[in-house]
Amino acid sequence: MKISGVDIRPGNIIEYEGGLWRAVKIQHTQPGKGGAYMQVELKNLVDGRKTNVRFRSSETVERVRLDTKDFQFLYAEGDMLTFMDKETYEQVSLPQDLLGDAAAFLQDGMDVVMELYEEKPLSVQLPDQVEATIVEADAVVKGQTASSSYKPAVLDNGVRILVPPHIASGTRIVVDVYEQTYVRRAD
């Protein structure tokens with residue numbers, strides 16, 4: 001589907017210079033002289049390169065729709081992660097780099113959504129929030145104000161986050177996967 005260069009929005013996936021790119025940030029600029037343009041920061045979906053491109057309203061780009069499919073995480077072997085298609089039970093192995101920091105939050109049997117382009121996996125989306133157990137939490141320092149003082153803690157997957165002072169070691173909490181922040185105590 002062709003769209004005008006000024007209609008690009010963050011999250012759109014476009015075909016540009018023979019590659020697939022995701023629009024990360026956009027800025028619409030209307031200079032006093034000349035036509036308006038859209039300054040777009042693009043990230044390559046295959047190799048992760050970033051670039052800035054100016055699109056004028058007269059230019060058109062091809063917007064790509066990705067197919068999404070439900071997969072289940074099975075296991076990690078070295079730096080490869082194995083997922084199973086929930087419909088066909090077919091297994092797919094992908095490099096851990098594809099998930100970035102979120103890979104630490106993968107749990108056996110976790111349901112994920114995989115984005116595919118022409119049957120080729122491009123990205124894996126985990127649930128926004130997952131439950132984790134705190135294995136190590138620093139003691140509260142007396143005299144700190146209770147309102148905004150957070151203390152460092154280590155989760156069972158090795159990720160370090162900040163938690164409120166009342167959270168102790170062994171507590172189950174809900175963590176935002178992509179922000180890597182404490183959300184609430186698990187029920």
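E17 sits out in the open: its relative accessible area is 70%, so it counts as exposed (exposed means over 50% relative accessible area, buried under 20%, and partly exposed in between, using a 1.4 Å probe and protein chains only). Before going on, keep in mind that this is a predicted model, where local features need pLDDT of at least 70, side-chain atom pairs count only at pLDDT 80 or more, and totals for chains, interfaces and linings use all residues. Residues are numbered from 1 along each chain as its sequence is written, and side-chain values use heavy atoms, with hydrogens and water left out.

Where is E17 found? It is in the loop between β2 (13-16) and β3 (19-29). Strands here are DSSP runs of E with at least two residues, helices are runs of H or I with at least four, and both are numbered from the N terminus. Most residues other than glycine have a negative phi. E17 is not a glycine, yet its phi is positive, at about 50°. Y89 also isn't a glycine, and it has a positive phi of about 65°. You'll find Y89 in the loop between β8 (80-85) and β9 (91-95), and with 59% relative accessibility it is exposed.

**The aromatic rings**

A pair of aromatic rings is described by the distance of the centres and the angle of the planes. Rings of Phe, Tyr and Trp (its six-membered ring) pair if their centres lie within 6.5 Å; planes under 30 degrees apart are stacked, over 60 edge-to-face, and the rest tilted. By this rule there are three aromatic pairs. Among them are these two:

| Pair | Centre distance | Plane angle | Type |
|---|---|---|---|
| Y16 and W21 | 6.4 Å | 75° | edge-to-face |
| Y16 and F55 | 5.7 Å | 80° | edge-to-face |

Why does the Y16 and F55 pair tie together parts that are 39 residues apart in sequence? Because Y16 lies in strand β2 while F55 lies in strand β5 (residues 50-56). Are Y16 and W21 buried or exposed? Both are buried, and F55 is buried along with Y16. Ring pairs join Y16, W21 and F55 into a cluster.

**A buried asparagine**

With a relative accessible area of 6%, N44 is buried. Which residues does N44 touch, leaving aside its neighbours within four places in sequence? Its contacts (heavy atoms within 4.5 Å) are L20, W21 and R49.
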